[in-house]
Amino acid sequence: MEIDSAEYQLSSELRGHEDDVRGICICGNAGIATSSRDRTVRFWTLDPSDKRKYTAWKILLGHTSFVGPLAWIAPNEEFPEGGIVSGGMDTLAMVWDLKTGERVHTLKGHQLQVTGVALDDSDVVSSSVDCTLRRWRKGKAVEFWEAHKAAIQAVIKLPSNELITGSSDTTLKLWRGQNCIHTFVGHTDTVRGLAVMPDLGVLSASHDGSIRLWALTGETLMEMVGHTSIVYSVDSHASGLIVSGSEDCFAKIWKDGVCVQSIEHPGCVWDAKFLENGDVVTACSDGVVRIWTVQQDRIANSVELESYFSGLSQFKISRKRVGGLKLEDLPGLEALQVPGASDGQTIVVREGDNGMAYSWNLREQKWDKIGEVVDGPDDTTARPVLDGIQYDYVFDVDIGDGEPIRKLPYNRSDNPYSTADKWLLKENLPLSYRQQVVEFILQNSGQKNFSLDTSYRDPYTGANAYVPGESSNKSAAVPVKPSFKHIPKKGILVFDAAQFEGILKKISEFNNALMSDPEKKSLSLTEVEISRLVAVVKILKETSRYHSSTFADVDIALMLKLLKSWPLAMIFPVIDILRMIILHPDGAIRLLKLLEDENDVLMDMIKKITISPALAANLLTSIRAVCNLFKNSCYRNWLLNHRSEILDAFSSCYSSSNKNVLLSYSTLLLNYAVFLIEKEDQEGQSHVLSAVLEIAEGENLDVDSKYRALVAIGTLMLEGSVKKIALDFDVESIAKAAKVSTDAKVAEVGADIELLTKQN
C-alpha cells in the first residue's frame, strides 16, 4: 500500500473529551486509547456500521488531575480483552482492565508527575519529573533508580529489550537494567517524546524544535527541523514515514528527513501516532482526536470537511491580531453607520478575515477607506501582559482538584523560588506545591540549567531558599546562571516568499529585449523553453504538493543555462526562481546532482555577480539563494567547503545602502554562525565573527539587519569557540551601544552580549 505518495486528509473526528487531549495509545487492532486534561482515559473502537469512524466504548475514571502517557497491555490471561496503563499529574500510574473498565492497580511511589509508561514483558516501567524510573510487578514496586539529574519526560522499550529515556537535561539514555549503556547528546533543550524507528534506532522530539533519528550507538543519523515551536511527540510507520506533533499547531509528516506535509490544527498538537494501516491519529488542545488518511474511501465527507475547515478558520481568526488588537474583537461593518466625531477620526473594522482602517470625512459626511491594517513582523513576539504589567511569561497553571486555571507571571531575571512563594501566598495555595511550581517555571521558561543563589533570603520567612537534595548547612553561594532573551539562535532562516508573476514578467521583458537585438537574439528563450519556465513556476507555486511534485532535469539545466549565457544585468529574476527551486525537495536534489556532474555553476554565479560594480538586484537574489541552501542537509558540505569564497565574495555588502541587501547579508552570516558552531569549525566562526562585527559597528543601520548581526555575535560567543576573539575586538563597546537603542529587541540582545562579556 502506497501511503507516502499521497496527501493526508481528514478521515474522522473523535469527540467526547472535555479538555485538551494529551496522549494517544494504539491498542493493536482492538482500538485507540486517549488521555486528557479532563482526567479521563477513553477507549475508542471502530464503529461496525462505518469503518471510517470510532465510538467511545469505555471511559476510565480514577485520576484526580490530567492524564498523559498511556501504554497498551495486549490480551493475556489476566486481561482477556487487553488493558491500559496510564500516568497522571497526580503522581500516580494506574492499570485498567478493558473487559470491566475497572482499575486493577494503583501504582503509587513517584513524588511528582508521571511522564511516561512502558511495558517490559509483564512489568510496568514508569518515568517521572522526580528524575526516577520505577519498575512495577503485579501492582508492586520492585525497583527504582535516579536515571537523570533533571525531569524525565519519556520512556520507551526497544525491540532489543533495553529502555530509552528522554529528559529535561537535553539527553537520551540507553538502559540495560539499572546500568546506563550510553548517553545521547545533541539536543539543546528538553527531550519530550521518543519512538522506535524499526531497524534504524530511536526517534526523539525536543523543545528545541527538532526531531532526531539516532543509531543505538549514539550517532545522530538525521535531524529534522521545520516546527516553529516545542515538538511534543514523534512516531514512525513501517513505510518509513515519521509524524510529529508540536506547540505550533501542526502535525508534520516526514520522509527521508524532509517534511512532506504539514497538517494544521485548531490548537496545540500534543500527540501524534500512526495506525498500522498508515492512518495518522492526532491529539489536540481543542479536545478533539482526529484521524487522517491517504485512502480515498476513508476521507471525510464534504460536510465534515467543511465543518473542520470552518473551525480552523475561526481558530486562526481568534489568534489573528490587527494593529495590536484581536481581529475577533473588532467591530463589524455596522460601525460605519455611526458618524464620526471629528474630521480625520480613524476606526478599524472587521471585513472578512482582515481589519480595514477608515477615516471620517467631515465635509462629505462619510467614512473613507484607508486600507488594510496589518501587524508588523515582530508583533507576534510582544510580551504578555497581566494586570497591566508586561512579563516574559504568563503561564496557565492547572492545579487540578476542580480548581480554575490560575495565571502565573514570571520574568527570566526573577528567582523562581521567590516567584513560587509569592504566587502561592497570593493564590492562597499550600506551600507544599512550591517545588512543583518551581519545576514548572524552569521547564516552561527553558531555564534547564538554572542554579539557585542560596544567599537569597525568603521575603516572608527570612530563611534561605530550600533547594531539594542540598545539605541544610550549605553556606557557599551558587551563582545564578545568566539567562538570555535572544541568544543562542537555533535553526536557520530562509527566504521563502516570491512574487512569481513579477518574476515571469521581468524574464519576458528581458527575453523580448534579447530578441530585438540582432547580436543577442541567439540568447533568447524559445517557445518550448518559455513553456518549461512557466511549468517550473507552476510547480513552485503549489507548495502543498511539494512532497509529491517533481522537476525534469531539463528544467534545472535550463535555469543554469540562463545563468551562464544571459547578460549580467538580466539574470536576477533567474536567480530568484533558482532560490525557490532550492526550497523544493526534488528541485534541491536535482540541482545538486547537476552541480556535481558539471562545473560549479553556483560558485561561478557568485563570483560573476559580485564583480564591482555589483548590481543590488543580483546581490539580493543570490545571497537569498545561498541562505536557502542551509535548509537542505545535502548542501552542508558545499556550504562548508565554499565558506571562505562565499563570505569573501559578499563581504562588501556590510556597507550596502540597500537595506534589503544588508538584511539578506546579515541573515547569511547568522545562518553560517549557527552552522559552523554545529560543525565546531573555529576558523569559520572567526571569519563570520569578523564579518558581523563590521555590520554591528555601523551607524544608521536598518534595525533588523543590526539585530541579526548582534544575535550572530552573541550566539558565536555563547556556543561557539570565539568568545576571547570577540572580547579582543571590544565587543563590550558594541553591546553597550546596542543597549541604548530605541528598538527594544536590539537593546535586549545588546544586554545579552554585555552579560556574556562579564562571564568568566
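Start by selecting residues 145-175: this stretch is 0% helix and 55% strand, with its end C-alpha atoms 11 Å apart. Strands here are DSSP runs of E with at least two residues, and helices are runs of H or I with at least four, numbered from the N terminus. You are looking at a predicted model, where local features need pLDDT of at least 70, side-chain atom pairs count only at pLDDT 80 or more, and totals for chains, interfaces and linings use all residues. Residues are numbered from 1 along each chain as its sequence is written, and side-chain values use heavy atoms, leaving out hydrogens and water.

Now select residues 84-106, which are 0% helix and 70% strand, with end C-alpha atoms 12 Å apart.

Next, colour the open four-strand sheet, ordered S22-S23-S24-S25 with antiparallel pairing. Strands pair if DSSP finds at least two bridges between them. S22 (231-236) and S25 (258-264) are at the edges with a single partner strand each, so one side of each has no neighbour in the sheet. Five bridges join S22 to S23 (residues 242-246); show serine 233 and you will find glycine 245 of S23 opposite.

Finally, move to isoleucine 713. Which residues does isoleucine 713 touch, not counting those up to four places away in sequence? Display Leu689, Val692, Leu693, Ala696, Val731 and Ile753; contact means heavy atoms within 4.5 Å.
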